Amino acid sequence: MSTPRHAPLLIVEDDLALQKQLKWSLDRFESVTADDVASAVLQFRRNNPAVVTMDLGLPPDRDSVSEGFKCLEKLLELDPGVKVIVLTGQNDQDNALRAIRMGAYDFLAKPVDPDVLALTVERAYRLYELQQENRRLQMQQGSDVLAGLVTRDPGMQRVCRMIEKVASSDATVLLLGESGTGKEVLAQGLHDASRRKGRFVAINCAAIPETLLESELFGYERGAFTGATKTTLGKIETANGGTLMLDEIGDLPMSLQAKLLRFLQERRIERLGSRQEIAVDVRIVGATHQDLKRQIAEGRFREDLYYRLAEIVVPIPPLRERAGDAVLLAHAFLRRFAAEQRRSAFSLSDDAVRALEAHGWPGNVRELQNLVKRASIMADGDRITSQDLGLQAPASADDDELASLDLRTVRERAERQVVVAALSRADGNIVKAAEILGISRPTLYDLMSKLQIK
């Protein structure tokens with residue numbers, strides 16, 4: 001039975017001779033050591049171990065179990081899923097049971113049989129691995145159809161709530177946002193949350209030549225044109241009973257705009273080469289990065305088609321306006337790429353975090369994903385730097401804008417920026433974020449409530 005190497009073993013023991021003996025007897029595991037509460041917490045935060053073996057008698061009070069229980073409490077607070085194996089004296093059953101009640105995985109009486117300890121550690125790893133896999137499956141099968149969309153920005157959260165509200169209706173939705181902001185992710189989430197049982201079909205109106213786009217949308221009969229050797233359904237008909245996403249609809253040719261408008265009014269299509277009308281029940285989701293109202297004024301987009309498409313308009317904020325989301329998304333992408341490449345977990349250096357926060361992201365989430373993926377492949381170690389990302393470390397912040405605001409506004413904005421940045425750097429871990437900010441967890445919760453940060 002092989003032992004997972006991505007999560008090390010932490011040995012907490014103040015007796016250096018016994019510490020070396022334990023490390024030697026558990027040499028099949030990748031282990032790190034600590035000899036008191038402070039070093040145990042430090043090693044835990046650095047290495048994120050899956051399993052911990054721990055003596056309850058720790059300095060400065062080796063004859064008492066108070067430090068051991070304090071250490072156990074702190075480790076379980078940092079990660080409730082960690083498997084802690086407590087090592088106790090022969091006649092210390094009460095403290096062993098107390099440790100189990102607090103959340104320890106198991107206890108063993110000293111002197112410990114090396115084979116029994118190795119087997120217990122191995123089983124703890126297996127249980128940890130199974131529970132992690134179970135959590136991943138639950139997330140994949142959860143009811144939250146927008147679970148794949150990662151954000152802590154209030155504006156983006158409002159977008160998600162709009163999508164969830166409109167999903168149960170049959171209203172046509174128009175998604176407006178720059179390239180790479182996640183329009184297709186939202187359209188897919190809209191379809192998944194709806195009652196529609198048909199397929200989700202997407203077509204990019206800018207990627208298909210005008211001469212082929214009509215047949216792609218409406219389909220064609222055999223013999224309709226040279227090379228049409230069989231009857232072929234178009235994207236609209238393929239999406240019958242489901243959702244059709246028309247990406248970059250601002251690039252739809254004027255000749256096809258009229259035909260699309262007729263379909264939206266009558267919900268019927270005619271394949272090329274046929275005069276038979278076919279009723280189709282499909283929801284249309286339009287998406288574009290262009291200013292359609294300006295195109296209407298310039299005569300490049302039909303106003304009547306716009307109002308058919310824009311029953312519900314959802315503006316999507318660009319990544320540069322989503323405070324803290326760049327670092328949060330980077331963490332999420334690194335976890336995904338580490339799993340795909342079967343590598344140990346990646347982490348971001350401080351200069352990488354600053355570079356991510358300062359970059360303008362003209363390519364939005366797609367640009368971020370590409371940079372992080374390249375860095376995860378090319379990085380020599382498990383720590384991603386700004387150089388790995390290909391980004392420059394930021395210069396000092398310009399406070400001119402803040403100087404023009406009143407003190408209360410400045411304070412609230414600064415508090416929000418700092419709290420969001422700390423939560424992003426801590427990857428959502430409240431304990432780590434509070435430590436970064438130098439405040440207690442209750443104080444951080446109060447701040448989050450005051451600033452309406454979820």
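The dialogue below walks through several features of a predicted model.

Biologist: Which strands form the open sheet, and in what order do they lie?

Modeller: In this predicted model, the open sheet has 5 strands in the order β7-β8-β11-β6-β12, and their pairing is parallel. The edge strands are β7 (200-204) and β12 (312-315), each of which pairs on one side only. From one strand to the next, the twist averages 20°.

Biologist: How many bridges join β7 to β8, and which residue of β8 does N204 stand opposite?

Modeller: Strand β8, residues 243-247, pairs with β7 in the parallel sense over 5 bridges, and N204 stands opposite D247 in β8.

Biologist: Where does K197 lie, and is it buried or exposed?

Modeller: K197 lies in the loop between α7 (183-193) and β7. Because its relative accessible area is 80%, K197 counts as exposed. K197 and A239 are 42 residues apart in sequence, while their C-alpha atoms are 10.0 Å apart in space.

Biologist: How should I read the two faces of a strand, and which way do the residues of β3 point?

Modeller: The general idea is that side chains in a regular strand alternate between the two faces of the sheet. In β3, V51, T53 and D55 point one way, whereas V52 and M54 point the other way, and all of them are buried. Since 5 of the 5 residues of β3 (residues 51-55) are buried, this strand is largely enclosed by the rest of the structure.

Biologist: Which strands pair with β3, and in what sense?

Modeller: Strand β1, residues 9-12, pairs with β3 in the parallel sense over 4 bridges, and V52 in β3 is the bridge partner of L10. Strand β4, residues 83-88, also pairs with β3 in the parallel sense, over 5 bridges, and here T53 stands opposite I85 in β4.

Biologist: Turning to the helices, what span does α13 reach, and what span is expected?

Modeller: Helix α13 covers residues 325-340, which is 16 residues, and reaches 22 Å from its first C-alpha to its last, close to the 22 Å expected at 1.5 Å a residue. The helix is followed by R342, whose phi is positive, near 55°.

Biologist: At what angle do α13 and α14 pack, and which residues meet between them?

Modeller: Helix α14, residues 350-358, packs against α13 at an angle of about 125°, with their axes 8 Å apart. On the α13 side A326, V327 and A330 make the contacts, and they meet V353, L356 and E357 in α14.

Biologist: How should I approach the cysteines, and how many disulfides are there?

Modeller: In general, a disulfide is a covalent bond between the sulfur atoms of two cysteines. Taking a disulfide as a pair of cysteine sulfur atoms within 2.5 Å, the count here comes to 0 disulfides.

Biologist: Are C71 and C205 buried or exposed?

Modeller: C71 has a relative accessibility of 0% and therefore counts as buried. C205 stands at 3% and so counts as buried too.

Notes: Residues numbered from 1 in each chain as written. Predicted model: local features only at pLDDT ≥ 70, side-chain atom pairs only at ≥ 80, totals over all residues. Heavy atoms only, no water. Expected span 1.5 Å × (residues − 1). Pairing = 2+ DSSP bridges. Axes fitted to C-alpha atoms, helices over the stretch in contact; angles between N-to-C directions. Buried < 20%, exposed > 50% of the residue type's maximum accessible area, 1.4 Å probe, protein only. Contact = heavy atoms within 4.5 Å.
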